[in-house]
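Here are my notes on this one, for when you have the model open. Have a look at it before reading on.

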Amino acid sequence: MAVLDVIKMGNPLLRKVSEEVGKDEITSPEFQQFIADLVETMRAESGAGIAAIQVGVLKRVFAMEMKKNDRYPDKGSFALTTVINPTIEPLSPEKVEGWEGCLSIPGIRGRLKRYKKVKLSGLDTNGERFEKVLDDFSAIVAQHELDHLNGILLIDRMPNMETLTFQEEYDTYWNV
Ligand SMILES: [Zn+2]
């Protein structure tokens, strides 16, 4: 297991479209090791999600996880999900607005809207197809991570830049 380096905004790799993973590749020891390292990196960086491209690997894979936090019991926790070749389908047109951050844009937050309820489909780490209904925070995280696989960053989704905010200013003016 290893914590990998997270690449940051400005690295041209973050703007590339990641490639589908072959089914045979998924069960290879190298790929399984990569997934373990990706999850370890997400946890080490306290991220709610991470896409492979954020560690410089152009493959359509992301992981997401939110552990229960006693200080914020209302912030929905969700179990570790790793998905390969994911697709997302909105289950209703309803959108929710929220603050997002990104491990590749450290110290910055911004407000944007995402679908409130989605169906996430793809392959699990055994190469088996699965689907999962996600809502609220978990749905937002999945949409954010899928965007990474298409070279899209959260700032691209912001309706305007008025809420583009440094963490310190977020704590002072917005997180009250
Ligand atoms: Zn991100």
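The points below go through the sheet, the metal site and the salt bridges.

1. Ground rules: this is a predicted model, where local features need pLDDT of at least 70, side-chain atom pairs count only at pLDDT 80 or more, and totals for chains, interfaces and linings use all residues. Residues are numbered from 1 along each chain as its sequence is written, and side-chain values use heavy atoms, with hydrogens and water left out.

2. The sheet is open, with five strands in the order 1-2-3-6-7 and antiparallel pairing. Its edges are strand 1 (49–51) and strand 7, each of which pairs on one side only. On average, neighbouring strands are turned by 40 degrees against each other, direction ignored. Strands here are DSSP E runs of at least two residues, helices H or I runs of at least four, both numbered from the N terminus; pairing takes at least two DSSP bridges between two strands. Axes are lines fitted to C-alpha atoms, for helices over the stretch in contact, with angles from 0 to 180 degrees between N-to-C directions.

3. Now the two ends of the sheet. Strand 1 and strand 2 (residues 61–66) share three bridges, and Ala51 sits opposite Phe62. Strand 6 (residues 117–123) and strand 7 (residues 129–135) are joined by seven, with Val118 partnered by Leu134. Their hairpin has five residues between the strands, and Gly127 there has a positive phi near 85 degrees.

4. Helix 3 lies across strands 1, 2, 3, 6 and 7, at about 155 degrees to strand 2. Contact means heavy atoms within 4.5 Å.

5. Which residues hold the zinc ion? Its protein donors are Cys102 (SG), His144 (NE2) and His148 (NE2), 2.0 to 2.2 Å away. Cys102 is in the loop between strand 4 (95–100) and strand 5 (108–115), while His144 is in helix 3 (residues 137–149), 42 residues apart. Cys102 is buried at 10% relative accessibility, and His144 at 6%. (Donors: N, O and S atoms within 2.8 Å of the metal, 3.2 Å for Na, K and Ca; water is not among the atoms, so sites may look incomplete. Buried: under 20% relative accessible area; exposed: over 50%; partly exposed: in between; 1.4 Å probe, protein chains only.)

6. There are eleven salt bridges in the whole structure, meaning a side-chain nitrogen of Lys or Arg within 4 Å of a carboxyl oxygen of Asp or Glu. Glu100, Arg114, Asp147 and Arg157 form a linked network.
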